Amino acid sequence: MNKSTLIENYNKVYNDEGGQQVYFAPSRVNMIGEHIDYNGGYVFPCALSIGTYGVATRRDDRNIKMYSENFKEFGVISVSLDDLEYKKDHDWSNYVKGVIQEFVKKYSINKGINIYITGNMPNGAGLSSSASLELLISVILNDLYSCELDMITMIKLAQKVENEYINVKCGIMDQFAIGMGKKDHAMLLNTATLECEYVPLILNEYKIVIANTNAKRELANSKYNERKSECESSLHKIQAVKEVEFLCDLNLEDYNEIEYLLTDVEKRRTRHVITENLRTINSVEVLKENKISEFGKLMIESHLSLKNDYEVTGIELDTLVDLMMNSEGVIGARMTGAGFGGSTVSIVRNEFVDQTIIEVGKKYNDKIGQKVDFYIITIGDGVRKL
Ligand code: GLA
């Protein structure tokens, strides 16, 4: 999407005299390391070249006007800086309001903005459309109101909005990947310390294919919070006998020692967390040695652990991963993101990509009665002004 078209589209919605600035925030895919960013583990996400575009200008009054091409049915949503409370019927714009509220509280912003949003990523598909919007708005406010915040501050602010305003108790992976992404690289992020190593992810003879199940994700947020509290209760019990800060500080030997303390559900959740952390570290090692098929095997193990121990997959994700794995040329597939619907990520040999998309799409439709949307992705840079 080019800048002048975006500004033209903005001008169809607002009557401004000028001053429009254009910004972009990517979406993200996590290659491996799922549901461990709130347990102090390693994750391995990358920013995508698809995402959310925003055009914005400053206003002289205290009004905020928001329009999204992806949610046209809401028209222009208008609020004032004095009334930024969460409102269910404000739907997508709550993410914008939450970020603005933080900026008003902490950085004394006292004038409004007009915002035009459009995206070329699917919403609610497990590719972090919400974190993409949150970081986009942070960068817009930071720029238009010269707040001079660094990226880590904006990443943490966006996570706080998601945790407290939206009430999803997420970790920091999505906001970090969107804020700090780097073209052609995945990030090995230690979520306990925020140390991050950029690892080249150029898979010459393979493509990374994302497949959106298009499953409804109605209970996703409450289920997500439930998993987080199961981990907390498990950690709490373990801390009574062992000095640990996070579940990911444990190895499998530790687990065998302490599992008697846990309920059956807590055992499975904890086992996923520990094994997923080890798999993530391992997967980056094999990737550095260019052992792509080993990486693919770890993706499958990750999916099975998310299915059986963490129970966040469901019929749509499991069907899609099975179909992918039974297709010629696919060397690894797993769910990505929070789960409960959303998308899978797969590594597919170049020459089999077209055939896989047609065949898997058809079989999934026959079995689930839904179409799959496929994306052959490229890895891009983090959020920025264009
Ligand atoms: C969502 C959350 C992340 C992370 C993933 C699961 O995307 O926002 O913080 O927990 O789920 O790995």
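## An exposed loop residue

Glu-85 counts as exposed because its relative accessibility is 51%; here exposed means over 50% relative accessible area, buried under 20%, and partly exposed in between, with a 1.4 Å probe and protein chains only. The model is a predicted one, in which local features need pLDDT of at least 70 and side-chain atom pairs count only at pLDDT 80 or more, while totals for chains, interfaces and linings use all residues. Residues are numbered from 1 along each chain as its sequence is written, and side-chain values use heavy atoms, with hydrogens and water left out.

Glu-85 lies in the loop between S5 and H2; helices (H or I, at least four residues) and strands (E, at least two) are DSSP runs numbered from the N terminus. With neighbours within four places in sequence set aside, Glu-85 is in contact with Asn-94, Lys-97, Gln-101 and Tyr-165, where contact means heavy atoms within 4.5 Å. Glu-85 and Tyr-165 are 80 residues apart along the chain, and their C-alpha atoms are separated by 8.6 Å.

## The six-stranded sheet

An open sheet is formed by six strands in the order S5-S4-S6-S3-S1-S13, with mixed pairing; two strands pair if DSSP finds at least two bridges between them. Strands of a sheet pair through backbone hydrogen bonds, either parallel or antiparallel. The edges are held by strand S5 (77–80) and strand S13 (384–385), each with a single partner strand, so one side of each has no neighbour in the sheet. Helix H2 (residues 93–107) packs on the sheet and touches S4, S5 and S6, its direction making about 145° with that of S4; such angles run from 0 to 180 degrees between N-to-C directions, and axes are lines fitted to C-alpha atoms, for helices over the stretch in contact.

Both senses of pairing occur. Strand S4 (residues 63–68) and strand S6 (residues 113–119) are parallel and share five bridges, and Ser-68 stands opposite Ile-117 in S6. Strand S1 (residues 21–30) is joined to strand S3 (residues 45–58) by nine bridges in the antiparallel sense, with Val-22 bridged to Val-55 in S3. S1 also runs antiparallel to S13, over two bridges, and Tyr-23 has Lys-385 in S13 as its bridge partner. S1 is largely enclosed by the rest of the structure, because nine of its 10 residues are buried.

A nonpolar core is a set of buried Ala, Val, Leu, Ile, Met, Phe, Trp, Tyr and Cys residues joined through side-chain atoms within 4.5 Å. The largest has 72 residues, and those with the most contacts inside it are Ile-137, Ile-140 and Leu-141. Helix H3 (residues 129–144) gives the most to this core, contributing nine residues. A second, separate core has 29 residues, including Ile-32, Val-199, Val-284 and Phe-295.

Beyond its neighbours within four places in sequence, Leu-141 is in contact with Val-99, Ile-100, Phe-103, Ile-109, Ile-113, Ser-146 and Cys-147. Ser-130 is also placed in H3 and counts as buried because its relative accessibility is 18%. Not counting residues up to four places away in sequence, Ser-130 touches Tyr-95 and Glu-162.

## Helix H4

Helix H4 (residues 151–165) has 15 residues and reaches 20 Å from its first C-alpha to its last, close to the expected 21 Å; the expected span is 1.5 Å times one less than the number of residues. Among the buried residues of H4 are Met-154, Leu-157, Glu-162 and Tyr-165. The cover over these buried residues includes H2, H3 and helix H5 (173–180). Asn-167 follows H4 and has a positive phi, near 70°.

H8 has 25 residues and reaches 36 Å from first to last C-alpha, close to the 36 Å expected. The axes of helix H6 (residues 220–239) and H8 come within 9 Å and cross at roughly 95°. H6 and H8 are therefore roughly perpendicular to each other, a class that covers 65 to 115 degrees, whereas under 35 counts as roughly parallel, over 145 as roughly antiparallel and the rest as oblique. Where H6 and H8 meet, the residues include Arg-227, Glu-230 and Cys-231 in H6 and Val-265, Glu-266 and Arg-269 in H8. Asn-290, which follows H8, has a positive phi near 60°.

Helix H9 (residues 292–308) has 17 residues and a reach of 25 Å from its first C-alpha to its last, close to the 24 Å expected. Its buried residues include Ile-292, Phe-295, Leu-298 and Met-299. The buried residues of H9 pack against strand S9 (206–212), helix H8 (264–288), helix H10 (315–325), strand S10 (330–336) and strand S11 (343–349).
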